[in-house]
Amino acid sequence: MTEDAPVLRLEDITCRFPARRAGLRSSTESYVALERASLSVADGEFLSVVGPTGCGKSTLLNVAAGLLTPSSGRVEVFGRALVGTNRQAGYMFQSEALMPWRSALDNVAAGLQFRGLDRSAAREQANAWLKRVGLGGFGARFPHELSGGMRKRVALAQTLVLDPAIILMDEPFSALDVQTRQLMENELLELWSAKKKAVLFITHDLDEAIAMSDRVIVLSAGPATHPIGSFTIDLPRPRDVTAVRSHPRFVDLHARIWEAMKEEVLKGYARQMDALST
Ligand SMILES: Nc1ncnc2c1ncn2[C@@H]1O[C@H](COP(=O)(O)OP(=O)(O)OP(=O)(O)O)[C@@H](O)[C@H]1O
Ligand SMILES: [Mg+2]
């Protein structure tokens with residue numbers, strides 16, 4: 001570990017995809033999802049990245065997770081070049097990622113077992129985490145026997161049980177109803193504040209980004225997506241994500257960031273409409 005190096009640094013990341021796989025008609029061109037995108041996450045920082053739909057948010061997170069090798073650019077974890085999967089990171093996916101054939105408890109225990117912990121020790125730690133996310137007593141249920149919010153809680157426990165130095169989250173709560181979502185956001189903040197891990201949180205929801213974060217980065221609409229602004233969120237903590245929305249500073253920050261974002265959101269929306277009509 002290099003002293004004072006950011007926990008995670010993405011430098012000049014460009015990701016090109018074959019045009020046909022990216023949904024373009026031409027089969028010769030390539031689609032540039034990200035172009036020279038740079039960002040870093042400091043120790044203990046909760047950083048959100050917002051951007052219009054389809055702009056390249058998940059692509060960016062996949063690069064940070066080491067699941068996707070960028071066409072060019074550099075990824076560093078604690079000052080060292082990342083090679084292969086980012087083993088310092090826990091990843092909570094945009095889509096449901098529980099194993100349907102395993103109970104909630106065994107879903108949470110799985111990662112520990114893959115790391116070599118024996119089954120009973122893994123289940124004991126998994127059970128403690130299920131309790132922490134409010135699911136004590138639900139360990140024996142299978143994913144299809146749980147509500148969407150409960151499944152997200154299991155996924156959260158599954159990520160945090162491994163005690164990762166970096167937490168990567170890709171719109172983890174976007175499928176939930178507003179009330180459940182705000183409950184989960186508060187729970188996540190509470191868990192985060194206990195250990196202050198570095199978090200890279202992806203969302204398209206500016207309110208969520210401001211309510212949760214220490215800093216918000218805005219991405220441009222695709223193609224060739226890159227950060228166009230970085231905003232420090234100097235709201236007091238601990239925060240209640242519902243109450244903080246009426247804080248005058250929240251309203252002010254929201255207006256400023258939205259000003260930077262709205263043109264990109266309109267561009268992203270127009271491009272999506274265009275793609276759907278062809
Ligand atoms: N493996 C891939 N092959 C080809 N194109 C891809 C691939 N992954 C992503 N893309 C394209 O890159 C662009 C960015 O995709 P990405 O999933 O990163 O966007 P996003 O911002 O996460 O979208 P959403 O808001 O819908 O979650 C899209 O145009 C997508 O079609
Ligand atoms: Mg995405």
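This is a predicted model: local features need pLDDT of at least 70, side-chain atom pairs count only at pLDDT 80 or more; totals for chains, interfaces and linings use all residues.
User: Which residues of H1 are buried?
Analyst: Helix H1 covers residues 57-64. Six of its eight residues are buried, so H1 is largely enclosed by the rest of the structure. The buried ones are Lys57, Thr59, Leu60, Leu61, Val63 and Ala64.

User: Is Ser58 buried or partly exposed?
Analyst: Ser58 sits in helix H1, but the list of buried H1 residues goes from Lys57 to Thr59 and leaves Ser58 out. The cut-off for buried is under 20%. Ser58 has 23% relative accessibility, so it counts as partly exposed.

User: Which residue with a positive phi follows H1?
Analyst: Here's the background: most residues other than glycine have a negative phi. The phi we want is near 75 degrees, and it belongs to a glycine. That residue is Gly66.

User: Now the ligands. Which element gives the most to the shell around ligand 1?
Analyst: Strand E2 (30-41) and helix H1 each supply at least two residues of that shell. In total, 14 residues surround ligand 1, and Gly56, Lys57, Ser58, Thr59 and Gln94 are the closest. With three residues, the top contributor is H1.

User: How many residues of the shell around ligand 1 are charged?
Analyst: Let's sort the shell by type. Five residues are nonpolar and six are polar. The charged ones number three.

User: Which residue uses a polar backbone atom to sit 2.9 Å from an oxygen atom of ligand 1?
Analyst: Watch out for side chains here. Gln94 also comes to 2.9 Å from an oxygen atom of ligand 1, but with a polar side-chain atom, and Thr53 uses a polar side-chain atom too, at 3.4 Å. The backbone contact belongs to Ser58.

User: And how much of the accessible area of ligand 1 does the protein cover?
Analyst: Ligand 1 on its own has 630 Å² of accessible area. The share of it that the protein covers is 72%.

User: Which residues are the protein donors of the magnesium ion?
Analyst: The magnesium ion is ligand 2, and its protein donors lie 2.1 to 2.4 Å from it. The pair links distant parts of the chain, 36 residues apart: one is in helix H1, the other in the loop between strand E6 (89-92) and helix H2 (104-114). Through atoms OG and OE1 respectively, they are Ser58 and Gln94.

User: Is Phe78 buried or exposed?
Analyst: Phe78 is in the loop between strand E4 (72-77) and strand E5 (80-81), and its phi is positive, near 50 degrees. Arg36 in strand E2 also has a positive phi, about 50 degrees, but Arg36 is exposed, with a relative accessible area of 56%. At 13% relative accessibility, Phe78 is under the 20% cut-off, so it is buried.

User: Last one: what is omega for the cis peptide bond that joins Arg237 and Pro238?
Analyst: Most peptide bonds are trans. Gly222 and Pro223 are joined by a cis bond with omega about -5 degrees, and Pro223 is in the loop between E9 and strand E10 (227-232). Pro238 is in the loop between E10 and helix H7 (248-277), and omega for its bond with Arg237 is about 0 degrees.

Methods. Residues are numbered from 1 along each chain as its sequence is written. Chains are lettered from A and ligands numbered from 1 in the order in which they are written. Side-chain values use heavy atoms; hydrogens and water are left out. A residue is near a molecule or strand if one of its heavy atoms lies within 4 Å of it. A polar contact is a pair of N or O atoms within 3.5 Å; within protein, one must be able to donate a hydrogen and the other to accept it, and residues adjacent in sequence count only if both atoms are side-chain atoms. Accessible areas come from the Shrake-Rupley method with a 1.4 Å probe; for residues, only the protein chains shown count as cover. Helices (H or I, at least four residues) and strands (E, at least two) are DSSP runs, numbered from the N terminus. Ala, Val, Leu, Ile, Met, Phe, Trp, Tyr, Cys and Pro count as nonpolar, Asp, Glu, Lys and Arg as charged, and the others, Gly among them, as polar. Donors are N, O and S atoms within 2.8 Å of the metal (3.2 Å for Na, K and Ca); water is not among the atoms, so sites may look incomplete. Buried means under 20% relative accessible area, exposed over 50%, partly exposed in between (1.4 Å probe, protein chains only).
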